[in-house]
Amino acid sequence: RAGSLRVPDEPATDRLERVRELLVETLRLDAPIFGMRMLVRLRAASSVDDLIELVWDIERHLMAARHSRDEMLNLHRARELLGLGNTVVADDD
């Protein structure tokens, strides 16, 4: 797929670290209180399931609040790296 960040021979640990970096950057762009709570959870995340849960929680928060294009692009990339695909409908704002 065009634009996919998945590298066929990329080790799983490298891919998970890239997801973690994308989520940290997303949280830096967002509201400080929510971001701090999520950073604590992100640092404690030790499995793919933990990261998937964080992606959904952050996405729900961003969909309920005003969100930036950069935040949504980071989440899109994190979903692709986790094999979740693009599940967000584009916002026409």
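To start, how many helices and how many strands does the secondary structure of the chain come to?

Author: The model is predicted, so local features are given where pLDDT is at least 70 and side-chain atom pairs at pLDDT 80 or more, while totals for chains, interfaces and linings use all residues. Residues are numbered from 1 along each chain as its sequence is written, and side-chain values use heavy atoms, without hydrogens or water.

The secondary structure comes to 4 helices and 0 strands, in the order α-α-α-α along the sequence. Helices here are DSSP runs of H or I with at least four residues, strands are E runs of at least two, and the numbering starts at the N terminus. Of the 93 residues in the chain, 35% are buried. Buried means under 20% relative accessible area, exposed over 50%, and partly exposed in between, with a 1.4 Å probe and protein chains only. Among contacts with a separation of 6 or more, 60% are between residues 24 or more positions apart; a contact is a pair of heavy atoms within 4.5 Å.

Helix 4 runs over residues 69-81. At 1.5 Å a residue, its 13 residues should span 18 Å, and the end C-alpha atoms are 18 Å apart, which agrees. The expected span is 1.5 Å times one less than the number of residues. The buried residues of helix 4 are Glu-71, Met-72, Asn-74, Leu-75, Ala-78, Arg-79, Glu-80 and Leu-81. Their cover includes helix 1 (12-29) and helix 3 (48-64). After helix 4 comes Gly-83, whose phi is positive, near 80°.

On the side of helix 1, the residue to look at is Thr-26. Thr-26 has a relative accessible area of 1% and is therefore buried. Beyond its neighbours within four places in sequence, Thr-26 is in contact with Ile-58, Leu-62, Glu-71, Asn-74 and Leu-75. With Asn-74 there is also a polar contact, side chain to side chain, of 3.3 Å. A polar contact is a pair of N or O atoms within 3.5 Å; within protein, one must be able to donate a hydrogen and the other to accept it, and residues adjacent in sequence count only if both atoms are side-chain atoms.

On the side of helix 3, Val-55 is buried because its relative accessibility is 0%. Leaving out neighbours within four places, the contacts of Val-55 are Leu-23, Leu-75, Ala-78, Arg-79 and Leu-82. Val-55 and Leu-82 are 27 residues apart in sequence, with 9.6 Å between their C-alpha atoms.

Arg-79 forms a salt bridge with Glu-59, the closest N and O atoms being 2.5 Å apart. This pair links distant parts of the chain, with Arg-79 in helix 4 and Glu-59 in helix 3, 20 residues apart. Glu-59 is buried, as is Arg-79. A salt bridge is a side-chain nitrogen of Lys or Arg within 4 Å of a carboxyl oxygen of Asp or Glu, and the whole structure has 5 of them.

Arg-41 and Glu-53 meet at 3.3 Å, N to O. Arg-41 lies in helix 2 and Glu-53 in helix 3, so this pair ties together parts that are 12 residues apart in sequence. Arg-41 is partly exposed at 31% relative accessibility, and Glu-53 is partly exposed at 44%. Asp-57 forms a salt bridge with Arg-41 as well, at 2.8 Å between the closest N and O atoms; here Asp-57 in helix 3 and Arg-41 in helix 2 are 16 residues apart. Asp-57 counts as buried, at 18% relative accessibility. Arg-41, Glu-53, Asp-57 and Arg-60 are linked in a network of salt bridges.

Helix 2 itself has the buried residues Phe-34, Gly-35, Met-38, Leu-39 and Leu-42. These cover an arc of only 135° around the axis, which puts them on the same side of helix 2; the arc is that of the directions from the helix axis to the C-beta atoms. What covers them includes helix 1 and helix 3. The face turned away from this buried side carries the exposed residues Ile-33, Met-36, Val-40, Arg-43 and Ala-44.
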